[in-house]
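Please read them with the coordinates open.

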Amino acid sequence: MTRFAFATAALLLVACGGEKAPSTDTAAGGAPSPAAAPANAPKPTGTVITIEMITDETGNYFKPKEIEAKPGDVLKFVLVAGVHNVHFLADSNPGIPDLPPMSTFAQLPGQELLVPVNFAAGKSYYFQCDPHALLGMVGKLKVENE
């Protein structure tokens, strides 16, 4: 096997739940870092909504996969099993400015990825786990009026 093929196979194993590399995405004190928010984003003031990121015998998925939130709420994506990220792709949300950037990959059970709900009310937004989107790991956020 060539070095390139070996490296590619190793990366795919890590991305799809194989051996996990240690996480380096932690803030001071060992707590996971939140996903970056736009510079002009208001501080979260509402409810924390927990979404689990899961890999099990039924597949890879967000639980729940459809969320209703209000501006100021915080989406807390918690890794249960697997290796996952959260990405509000521009292609899935055409014409919507200031989407949060792609998160880092959660690799350790219990690791959290925080996304403040700084989206316009009255609309729906779509997100995915990049390596598992084609396997159905997608979700929808509906932002309600305050």
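The points below go from the overall fold to single residues.

1. Basis. This is a predicted model, in which local features need pLDDT of at least 70, side-chain atom pairs count only at pLDDT 80 or more, and totals for chains, interfaces and linings use all residues. Residues are numbered from 1 along each chain as its sequence is written, and side-chain values use heavy atoms, with hydrogens and water left out.

2. Overall make-up. The protein chain has one helix and seven strands, in the sequence pattern α-β-β-β-β-β-β-β. Helices (H or I, at least four residues) and strands (E, at least two) are DSSP runs, numbered from the N terminus. Of the 146 residues in the protein chain, 34% are buried; buried means under 20% relative accessible area, exposed over 50%, and partly exposed in between, with a 1.4 Å probe and protein chains only. Among contacts with a separation of 6 or more, 69% are between residues 24 or more positions apart, where contact means heavy atoms within 4.5 Å.

3. The four-stranded sheet. This open sheet has the order β2-β1-β4-β5 and mixed pairing. Its edges are β2 (59–63) and β5 (112–116); each has a single partner strand, so one side of each is left without a neighbour in the sheet. The twist averages 15 degrees from one strand to the next; axes are lines fitted to C-alpha atoms, for helices over the stretch in contact, and angles run from 0 to 180 degrees between N-to-C directions. Two strands pair if DSSP finds at least two bridges between them. β4 and β5 are antiparallel, with five bridges, and Val74 stands opposite Pro116 in β5.

4. The three-stranded sheet. Here the order is β3-β7-β6, again an open sheet with mixed pairing. β3 and β6 (123–128) are the edge strands, each pairing on one side only. Neighbouring strands are turned by 25 degrees against each other on average, direction ignored. β3 runs parallel to β7 (residues 138–143), joined by four bridges, and Glu66 stands opposite Lys140 in β7.

5. The salt bridge. How many salt bridges does a search of the whole structure find? The search finds one, a salt bridge being a side-chain nitrogen of Lys or Arg within 4 Å of a carboxyl oxygen of Asp or Glu. Lys76 and Glu112 form it, with the closest N and O atoms 3.8 Å apart. The pair links distant parts of the chain, with Lys76 in strand β4 and Glu112 in strand β5, 36 residues apart. Glu112 counts as partly exposed because its relative accessibility is 26%.

6. Asp73. This residue lies in the loop between β3 (66–69) and β4 (74–79). Asp73 is buried yet has no salt bridge, and the nearest side chain of opposite charge, Lys70, is 7.0 Å away. For charge, Lys and Arg count as positive and Asp and Glu as negative, while His and the chain ends are not counted. The Asp73 side chain does reach the backbone nitrogen of Lys70, at 2.8 Å. Beyond its neighbours within four places in sequence, Asp73 is in contact with Gly46, Thr47, Ile49, Val115, Pro116 and Val117.

7. Pro71. The loop between β3 and β4 also holds Pro71, which is partly exposed at a relative accessible area of 22%. Pro71 and Pro116 are 45 residues apart in sequence, but their C-alpha atoms are 8.2 Å apart in space. Not counting residues up to four places away in sequence, Pro71 touches Val117, Phe119, Ala121, Val143, Glu144 and Glu146.

8. Cys129. Is Cys129 buried or exposed? Cys129 is buried, with a relative accessible area of 0%, and its place is in the loop between β6 and β7. Residues up to four places away in sequence aside, Cys129 touches Phe62, Val83, His84, Asn85 and Met137. Met102 is 27 residues from Cys129 in sequence, and 9.4 Å from Cys129 in space, C-alpha to C-alpha.

9. Backbone geometry to check. Most residues other than glycine have a negative phi, and most peptide bonds are trans. The peptide bond from Lys63 to Pro64 is cis, with omega near -5 degrees; Pro64 is in the loop between β2 and β3. Asp98, in the loop between β4 and β5, has a positive phi near 60 degrees. Asp98 counts as exposed, at 54% relative accessibility.

Methods:
Polar contact = N/O pair within 3.5 Å; in protein donor to acceptor, adjacent residues only side chain to side chain.
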